[in-house]
Amino acid sequence: MGTGRVVDMGELQEGLRNLGIPLGQDAEERIFTTGDIDKDGKLDCEEFMKYLKDHEKKRNWHLRAWKKKKM
């Protein structure tokens with residue numbers, strides 16, 4: 001996809017652990033498989049940023065729905 005640094009599944013897992021974000025293998029695999037848009041077995045910066053933005057949109061939608069329900 002884009003140019004620049006790419007990571008594979010092992011590097012993603014190691015990076016998350018180093019940041020103190022132990023998500024567990026299922027969540028890490030979901031991030032990787034969902035984010036790997038071109039299915040080349042690696043995540044580049046553009047793919048990862050798109051994953052984060054999409055995930056944030058979904059989280060915000062759920063949060064707004066939950067708040068509406070509480071009112």
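Colleague: Where in the protein chain is confidence lowest, and where is it highest?

Modeller: Confidence is lowest in α3, with a mean of 84, and highest in β2, at 91. That is pLDDT, the predictor's confidence in each residue, from 0 to 100. Helices (H or I, at least four residues) and strands (E, at least two) are DSSP runs, numbered from the N terminus. This is a predicted model, where local features need pLDDT of at least 70, side-chain atom pairs count only at pLDDT 80 or more, and totals for chains, interfaces and linings use all residues. Residues are numbered from 1 along each chain as its sequence is written, and side-chain values use heavy atoms, with hydrogens and water left out.

Colleague: And what does the protein chain average?

Modeller: The average pLDDT is 85, and 93% of the residues score at least 70.

Colleague: Thanks! Which residues of α2 meet α3?

Modeller: Ile31, Thr34 and Gly35 of α2 meet Glu47, Phe48 and Tyr51 of α3, with contact meaning heavy atoms within 4.5 Å. The residues of this contact divide into 3 nonpolar, 2 polar and 1 charged. Here Ala, Val, Leu, Ile, Met, Phe, Trp, Tyr, Cys and Pro count as nonpolar, Asp, Glu, Lys and Arg as charged, and the others, Gly among them, as polar.

Colleague: New topic: where is Lys39 found?

Modeller: Lys39 sits in the loop between α2 and β2 (43-44). Its phi is positive, about 55°, although Lys39 is not a glycine. Most residues other than glycine have a negative phi.

Colleague: Is Lys39 buried or exposed?

Modeller: Lys39 counts as exposed because its relative accessibility is 57% (buried is under 20% relative accessible area, exposed over 50%, partly exposed in between, with a 1.4 Å probe and protein chains only).
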